[in-house]
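Subject: The structure for you to look at

Hello,

Here is the structure I promised to pass on. Have a look at it first, and then read on for what turned up.

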Amino acid sequence: MSSIVYILNGPNLNLLGVREPHLYGSATLAQVEQLCRRVTGELGLDCEFRQTNHEGVMVDWVQEARERAAAVAINPAGLSFRSIPLLDALKTLDQPIAEVHITNIHRRDALYQHSLVSLAATGVICGFGPFGYELAIRALAQRLAAATAPAA
């Protein structure tokens, strides 16, 4: 399988391992990237791993993923709950989208429980820490393989 997966990370995820470790744990974004690159490599997928603190940059990356016919694993972080532009960009994708959250957003304060991004996502993985990224990549790989499998 020679497909590409964009793994996109939103605001403040550059502070993983430092910011609220009681919620997000001690793993750094660099360690998450290593995990993602290991799993995508194992599955024969190309990997674009990125992080931004800026909504417009995230929208640009989603549009780039669309142009490259890439699947997307996205941890939109704070953009999850208020970003209509991000939602609209994700709705343009033809490939599967896996939304990832390190924490279980459904057990958090009400402010963090309703993700707009979920309206565009193929599936949502939350509450499994950095392992959620691996689950997301494997789910995307399964969807990509099913889409390219010959009809029986």
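Helices (H or I, at least four residues) and strands (E, at least two) are taken here as DSSP runs, numbered from the N terminus. On that basis, the protein has five helices and five strands, and their order along the sequence is β-α-α-β-α-β-α-β-β-α.

Some background before the details. This is a predicted model, in which local features need pLDDT of at least 70 and side-chain atom pairs count only at pLDDT 80 or more, while totals for chains, interfaces and linings use all residues. Residues are numbered from 1 along each chain as its sequence is written, and side-chain values use heavy atoms, with hydrogens and water left out.

**Overall form**

A compact globule of 152 residues would have a radius of gyration near 15 Å, and the protein agrees with its 15 Å. That radius is taken over C-alpha atoms, and the globule rule is 2.2 Å times the number of residues to the power 0.38. Along the principal axes, the C-alpha atoms fill a box of roughly 50 × 30 × 25 Å.

Of the 152 residues, 47% count as buried; buried means under 20% relative accessible area, exposed over 50%, and partly exposed in between (1.4 Å probe, protein chains only). Contact means heavy atoms within 4.5 Å. Among contacts between residues at least 6 apart in sequence, 76% join residues at least 24 apart.

**Helix 5**

Helix 5 covers residues 131-148. Buried residues in helix 5 include Gly132, Tyr133, Ile137 and Leu144. The cover over the buried residues of this helix includes strand 1 (4-9), helix 2 (29-42) and strand 5 (123-126).

Start with Asn9, which lies in strand 1. Asn9 is buried, with a relative accessible area of 0%. Not counting residues up to four places away in sequence, Asn9 touches Leu29, Phe49, Arg50, Gln51, Thr52, Met58, Asn75 and Tyr133.

Then turn to Thr122, in the loop between strand 4 and strand 5. Thr122 is partly exposed, with a relative accessible area of 40%. Leaving aside neighbours within four places in sequence, Thr122 is in contact with Pro96, Ile97 and Arg143. Glu99 is 23 residues away from Thr122 along the chain, and their C-alpha atoms are separated by 7.9 Å.

Best wishes

Conventions:
Expected span 1.5 Å × (residues − 1).
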